[in-house]
Amino acid sequence: MITIIFFTVLIPFVLSETGLPKFDPPTESVILQEGYLAKIDCAAEGELPLKYTWYNQSDEEITSDASNAVFSHRTENGCSLIFDVVNASHSGFYSCNAENRHGSSTKMYDIAVKTPLGNITKNETSTIDKVNILRVTEDSVEFAVETSGKPDSFYARYQEKLEKSETVKQFYKGEKVVVRNLTPGGLYTFQFQIESPNAIKLQSKMYNVTLLPRIPDVIFRSLKDGLLEIEWFRSIDDIRREAIDLYEISYNRVQQYRGNNWKHDDCEVHIRISRRCFGSSYTIAGLSSSSYYEIRLRAHTAAGYGKEYVNKIYAI
């Protein structure tokens, strides 16, 4: 009985592994002769049917429209890339993607063009040399990215700890490298590459970034006999993420003067609640009756303190 169960689980796994598209070799260098018709074949191993897609040097899909100077053509065993008449501008990195129900795989082609004089034209390879994190907020990250080879653009790939898929954003030459609309307090990983990740995902240095937390949602549960019970909301995702390592409550007595102006006294109290002591409530004691107090609460992650919740109460 145990043996039968074992093979029932193992066989689909083996089929999935062997059915995944595979290129051997995964890269290839090709020299084309300028002024001639040229064809490059692309064929992958894997479970049929296989869908093929070619991409040019700008990571744009190459269609099967034969009226174009460069087009794709499906064959019995794969898909070919056809150059009607090769010229020097056709040099560069091309990619062929094969996809089936198990997943996808990509093969890179480094294409150079040989001129009638015997010279070989080859696009300069661009690289990302250095990445610095300049600024982190609760919902954005700004980077400084240094490249060589003068690329027109590059790509950022990023994913939050609790997200199932990654997001891709393209940045053009001279554009400020800021990734926005992120999750406050999120734990993100970033990778940068010149080539479009939609065509090929390259292994590159990973940058781990923790965002600042959001302003806490606070409720004053009770205020009586010099006691103030404070409660704040903690989402399930924040608890699972464990990015917030402490909360800080601070308060001091204030006096109102000249309309809406407030003067703070010099006695300011700070209470830090660390992760090992986490609840979502705290009771402040010893408040003087018939006095105003300003109550503040903020959360902290590895990126620093987030914005404060601020409110004033009148102790009775």
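Buried residues, meaning those under 20% relative accessible area, make up 39% of the 316 residues in the protein. The model is predicted: local features need pLDDT of at least 70, side-chain atom pairs count only at pLDDT 80 or more, and totals for chains, interfaces and linings use all residues. Residues are numbered from 1 along each chain as its sequence is written, and side-chain values use heavy atoms, with hydrogens and water left out.

The secondary structure consists of two helices and 25 strands. These elements are DSSP runs numbered from the N terminus, helices being H or I of at least four residues and strands being E of at least two. The radius of gyration of the protein is 30 Å, whereas a compact globule of 316 residues would have a value near 20 Å. This radius is taken over C-alpha atoms, and the globule rule is 2.2 Å times the number of residues to the power 0.38. Along its principal axes, the C-alpha trace spans about 95 × 65 × 30 Å.

Contact is defined as heavy atoms within 4.5 Å. Of the contacts with a separation of 6 or more, 62% are between residues 24 or more positions apart. The protein exposes about 18900 Å², of which carbon and sulfur atoms supply 49%. Accessible areas come from the Shrake-Rupley method with a 1.4 Å probe, and for residues only the protein chains shown count as cover. There are 36 positive and 41 negative side chains, and the centres of the two sets lie 7 Å apart. Lys and Arg count as positive and Asp and Glu as negative, while His and the chain ends are not counted. Each charge is placed at NZ of Lys, CZ of Arg, CG of Asp or CD of Glu.

An unreviewed UniProt entry lists residues 21–112 as "domain: Ig-like". UniProt positions are given in the numbering used here, feature names are shortened, and annotations may be inferred rather than shown by experiment. The span of residues 21–112 is 0% helix and 52% strand, and its end C-alpha atoms lie 26 Å apart.

Two cis peptide bonds can be described. One runs from Asp 24 to Pro 25, with omega near 5°; Pro 25 is in the loop between helix 1 (2–19) and strand 1 (27–33). Another joins Leu 48 and Pro 49, with omega about 0°, and Pro 49 is placed in the loop between strand 2 (38–42) and strand 3 (51–55).

Asp 225 has a phi of about 55° and belongs to the loop between strand 17 (218–224) and strand 18 (227–232). Asp 225 counts as exposed because its relative accessibility is 65%. At Ser 290, phi is about 60°, and the residue lies in the loop between strand 22 (281–284) and strand 23 (291–301). With a relative accessibility of 54%, Ser 290 also counts as exposed.

Several strand residues were examined for burial and contacts. Ser 250, in strand 19 (residues 246–257), has a relative accessible area of 1% and is therefore buried. Not counting residues up to four places away in sequence, Ser 250 touches Glu 268, Val 269, His 270, Glu 294, Ile 295, Arg 296 and Glu 308. Glu 142 is part of strand 11 (residues 141–148) and counts as buried at 17% relative accessibility. Its contacts, leaving aside neighbours within four places in sequence, are with Asn 132, Ile 133, Leu 134, Arg 135, Lys 176, Val 177 and Val 178. Glu 61 lies in strand 4 (residues 61–62) and counts as exposed, at 53% relative accessibility. With neighbours within four places again set aside, Glu 61 is in contact with Thr 53, Trp 54 and Tyr 55.

Distances between C-alpha atoms were computed for some residue pairs. Glu 142 and Ala 44 are 98 residues apart in sequence and 40 Å apart in space. Glu 61 and Pro 216 are separated by 155 residues in sequence and by 46 Å in space. For Thr 75 and Pro 216, 141 residues apart along the chain, the distance is 60 Å. Thr 75 is in the loop between strand 5 (70–74) and strand 6 (79–83) and is partly exposed, with a relative accessible area of 30%.

Conventions:
Buried means under 20% relative accessible area, exposed over 50%, partly exposed in between (1.4 Å probe, protein chains only).
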